[in-house]
2 protein chains.
Amino acid sequence: MHITSEQRLDDGVRERAFTLGDIPGFLWTPGSASASGPVPLILLGHPTLGLARMYPRLAARARHSAAQGFATATIELPGCGDRPRWHAMEQTRAELRRTLQAGEPVGDELVDALILPLVDKAVPEWQAALDALLALPEIGGPVGYSGGVISIGIRLAAVEPRIAAAGLFAGSYVPRIMFEEARQVTIPLHVLLQWDDEGNDRQAALDLFDAFGAAEKTLEANMGGHTGVPQFAGEAAAQFFTRHLK
Amino acid sequence: MHITSEQRLDDGVRERAFTLGDIPGFLWTPGSASASGPVPLILLGHPTLGLARMYPRLAARARHSAAQGFATATIELPGCGDRPRWHAMEQTRAELRRTLQAGEPVGDELVDALILPLVDKAVPEWQAALDALLALPEIGGPVGYSGGVISIGIRLAAVEPRIAAAGLFAGSYVPRIMFEEARQVTIPLHVLLQWDDEGNDRQAALDLFDAFGAAEKTLEANMGGHTGVPQFAGEAAAQFFTRHLK
């Protein structure tokens, strides 16, 4: 992990931009007042829009978490932002746009093509990031995963024993096979669902919640569309992490 | 309203038992340290098991609410506890027991017979209790309704303008017609659902949540059966009332 720049945000939060091989990322750690000794880490998941575009929302989540004594980190997803174009992903995304514009249903095959290669490629990268981040003296365990892409969160929660709790956002297409992987997820879960999310299949989200193998899982559904998650829902998710990572 | 007894609980909460006509009830108000001036009121709904049997759980909810500066109150439901037996209700309950023991489905007609007369009789009583409680100098508005029987909460929220927010528990049979009344409910709602509630139809609970006309409504679903609501869910409901009644 190579630190490429560093700054202090207004509230004392330390923000480091880094690269891990050719993958850019960010690490945020609490200001000295909020933390003494190693702090637990939350990995911030995000959609495939690129880190630059997601930065304001990610930094806001990072500052909120820092105020509660959490470090947070995120990395760019494969084929997104400044990372090399990924031809297969570009093609399936173009196919998705065509399908949606034509008002046709998004079939299982397209969902698989959109999500499964992304999960296969991203999850080992997040695990490598975890190796590097946990080697820093100021970062301790346990580790949480927060946000979308929900299939990345499911796979990580299923295969990575260092992830102790996950706050997932049911807002993206979920391949059928991920329902099987969901049964392997036994860590505590907090799942956010936007009830009127235009691009999301509500029944599939409810079925996915049902499929998770966790003994403690909470579904919190709120009104509004994909980007309309209310502030109090963010706070409930934060309390979930405080309960499980502190 | 006639106060029949009064005591201070360990944490300074003032508990008054009262009768309103022939209806027994309880009022809990915060200890002097937690409140100055009139406090908002939460009506504590409960199942048809009788106040004596429900007392420990109701008093625990009351103390938790008092610590956050809320008064709470509850009254006995018609035909329950020490109130006169209600022949029609006894008959439909016996019919429900027979149906469940025979492993037969509980039909719409039986659900209507179980719930609608109860709602028709209980709601005006809760409104009368509200008149009496709001006349006390230590009780101010706004008012919340919390708990089951969910159909009583729906009707109250629909017809009683003094109810400003409702935390409902999706754990009892809901007559079809209540889905129509749910569309009239526009106050903020926080709905708890126990995902594996044996006696509750999960899909009906999700449909009911969908039917509510409120612009702000949250569904919180947790694992476990009817009586297994986790402590953190109670805290989320408390935060909901703090957001809307303070």
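Predicted model: local features only at pLDDT ≥ 70, side-chain atom pairs only at ≥ 80, totals over all residues.
Consider first how the two chains are placed. In general, two copies of a chain are related by a rotation about an axis and a shift along it. Here, chain B is superposed on chain A by a rotation of 180 degrees with 0.1 Å of shift along the axis, and the RMSD is 0.0 Å. The two copies are therefore related as by a two-fold rotation axis. Within chain B, the residue that comes closest to this axis is B:Glu220, whose C-alpha lies at 2.3 Å. The interface may be described in similar terms: because 100% of the interface residues of chain B are also interface residues in chain A, the copies meet through the same surface.

The next topic is the interior. In soluble globular proteins, nonpolar side chains tend to be buried together. The largest nonpolar core of this model has 128 residues, and those with the most contacts inside it are A:Leu43, A:Ile152, B:Leu43 and B:Ile152. The surroundings of A:Leu43 can be listed once its neighbours within four places in sequence are left aside: A:Leu43 is then in contact with several residues, among them A:Ala73, A:Trp126, A:Leu130, A:Val143, A:Tyr145 and A:Ile163.

A:Ile152 is one of the buried residues of helix 4 of chain A. This helix spans residues 150–159, and eight of its ten residues are buried, so helix 4 is largely enclosed by the rest of the structure. The buried residues include A:Ile150, A:Ile154 and A:Leu156, together with A:Ser151 and A:Arg155. What surrounds them? They pack against helix 3 (108–134), strand 6 (139–147), strand 7 (163–170), helix 5 (176–183) and helix 6 (202–211) of chain A.

In chain B, helix 3 carries B:Trp126. Is this residue buried or exposed? Its relative accessibility is 2%, and B:Trp126 therefore counts as buried. Leaving aside neighbours within four places in sequence, B:Trp126 is in contact with residues including B:Leu43, B:Ala73, B:Ile75, B:Tyr145, B:Ile152 and B:Leu156.

Helix 3 of chain B also meets helix 2 (residues 87–101) of chain B: their axes come within 10 Å and cross at roughly 145 degrees. The crossing is left-handed. Helix 2 of chain B contributes B:Met89, B:Thr92, B:Arg93, B:Glu95, B:Leu96 and B:Thr99 to the contact, while helix 3 of chain B contributes B:Leu110, B:Ala113, B:Leu114 and B:Leu118. By class, six of these residues are nonpolar, two are polar and two are charged.

B:Val174 lies in the loop between strand 7 (163–170) and helix 5 (176–183) of chain B. Apart from its neighbours within four places in sequence, B:Val174 is in contact with B:Val111, B:Ile150, B:Ser151, B:Phe179 and B:Leu208. B:Val174 and B:Asn200 are 26 residues apart along the chain, and their C-alpha atoms are separated by 9.4 Å.

Finally, the backbone of chain A deserves attention. Most peptide bonds are trans. A cis peptide bond, however, joins A:Gly141 and A:Pro142, with omega about -15 degrees; A:Pro142 is found in strand 6 of chain A. The peptide bond from A:Gly148 to A:Val149 is also cis, with omega near -15 degrees. A:Val149 is placed in the loop between strand 6 and helix 4 of chain A.

Methods: Residues numbered from 1 in each chain as written. Chains lettered and ligands numbered in written order. Heavy atoms only, no water. Axes fitted to C-alpha atoms, helices over the stretch in contact; angles between N-to-C directions. Helix = DSSP H or I, 4+ residues; strand = E, 2+ residues; numbered from the N terminus. Left-handed = near helix turned anticlockwise from the far one by under 90°. Contact = heavy atoms within 4.5 Å. Nonpolar A, V, L, I, M, F, W, Y, C, P; charged D, E, K, R; others polar. Core = buried A, V, L, I, M, F, W, Y, C linked by side-chain atoms within 4.5 Å. Buried < 20%, exposed > 50% of the residue type's maximum accessible area, 1.4 Å probe, protein only. Least-squares fit on C-alpha atoms with pLDDT ≥ 70 in both.
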